[in-house]
Amino acid sequence: MPKIYLEKNVLDATFERLEFIFDNFDNIYFSVSGGKDSSVMVQLANMVAKKKNKKFDVLYIDFEAQYKLTIEHIYELKKLSRC
């Protein structure tokens, strides 16, 4: 199947999808690993949630083999979800 290129960039497409999510669902959860991709996702979701006066939650499962700084970072992301 060939790729279909759209006339929008990744950031605009992300905001469009997040706005759809916050407009159409009551309970929103993001599963995060603490890595850069999920951290950016939570920060972008926070921007949209604030704009729409909505809340979301963050799911993180600790398998007891995580770095201390990763755990601390998860708590910082969790604080964003309560804005």
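These are my notebook entries on a predicted model of one chain.

**Ground rules**

I number residues from 1 along each chain as its sequence is written, and I work with heavy atoms for side-chain values, leaving out hydrogens and water. Since this is a predicted model, I take local features only at pLDDT of at least 70 and side-chain atom pairs only at pLDDT 80 or more, while totals for chains, interfaces and linings use all residues.

**Entry 1: the whole chain**

I started with the secondary structure and got 3 helices and 2 strands. Helices here are DSSP runs of H or I with at least four residues, strands are E runs of at least two, and both are numbered from the N terminus. Going along the sequence, I read α-β-α-β-α.

Next I boxed the C-alpha atoms along the principal axes, which gave roughly 40 × 35 × 15 Å. Of the 83 residues, 27% are buried. My cut-offs: buried is under 20% relative accessible area, exposed is over 50%, partly exposed is in between, with a 1.4 Å probe and protein chains only.

I then looked at contacts (heavy atoms within 4.5 Å). Of those with a separation of 6 or more, 65% join residues 24 or more positions apart.

**Entry 2: helix α1**

I checked the length of α1 first. It has 15 residues and reaches 21 Å from first C-alpha to last, close to the 21 Å expected at 1.5 Å a residue. The expected span is 1.5 Å times one less than the number of residues.

Which residues of α1 are buried? I found Ala13, Leu18 and Phe22. Down the axis of α1 these fall within an arc of 165°, so they line one face of the helix. The arc is taken over the directions from the helix axis to the C-beta atoms. The buried residues of α1 pack against β1 and α2.

Phe25 is in the loop between α1 and β1. I have it as partly exposed, at 45% relative accessibility. I also took its C-alpha distance to Asp57, 32 residues away along the chain, and got 13 Å.

**Entry 3: helix α2**

α2 runs over residues 36-52, and its 17 residues reach 24 Å end to end by C-alpha, close to the 24 Å expected. The buried list for α2 is Ser38, Ser39, Val42, Leu44, Ala45, Asn46, Val48 and Ala49. What do these buried residues pack against? I get α1 (10-24), β1 (29-31), β2 (57-59) and α3 (68-80).

At 2% relative accessibility Val48 counts as buried. Leaving aside residues up to four places away in sequence, Val48 touches Phe15, Leu18, Glu19 and Phe22. The C-alpha atoms of Val48 and Asn24, 24 residues apart along the chain, are 13 Å from each other.

**Entry 4: Asn53**

Most residues other than glycine have a negative phi. Asn53, which follows α2, has a positive one, near 55°. I placed Asn53 in the loop between α2 and β2. Buried or exposed, then, for Asn53? Exposed, at a relative accessible area of 72%.

**Entry 5: helix α3**

The 13 residues of α3 should span 18 Å; I got 19 Å between the end C-alpha atoms, which agrees. Thr70, Ile74 and Leu77 are buried in α3. Seen down the axis of α3, these fall within an arc of 60°, so they line one face. Lys68, Leu69, Tyr75 and Lys79 are exposed on the other side of α3. The cover over the buried residues of α3 includes α2 and β2.

I also noted Ile71 in α3, partly exposed at 21%. From Ile71 to Asn46, 25 residues apart along the chain, the C-alpha distance is 19 Å.

**Entry 6: the largest pocket**

Last, I searched for pockets on a 1 Å grid over the protein atoms alone: a pocket is an open set of points where a 1.4 Å probe fits, with protein on both sides within 12 Å along at least five of seven lines, and lining residues have an atom within 4 Å of a point. The largest pocket came out at about 180 Å³. That volume is the space filled by probe spheres set on the points, which are joined across faces, edges and corners.

Its lining is Leu6, Lys8, Asn9, Val10, Ala13, Thr14, Glu16 and Arg17.
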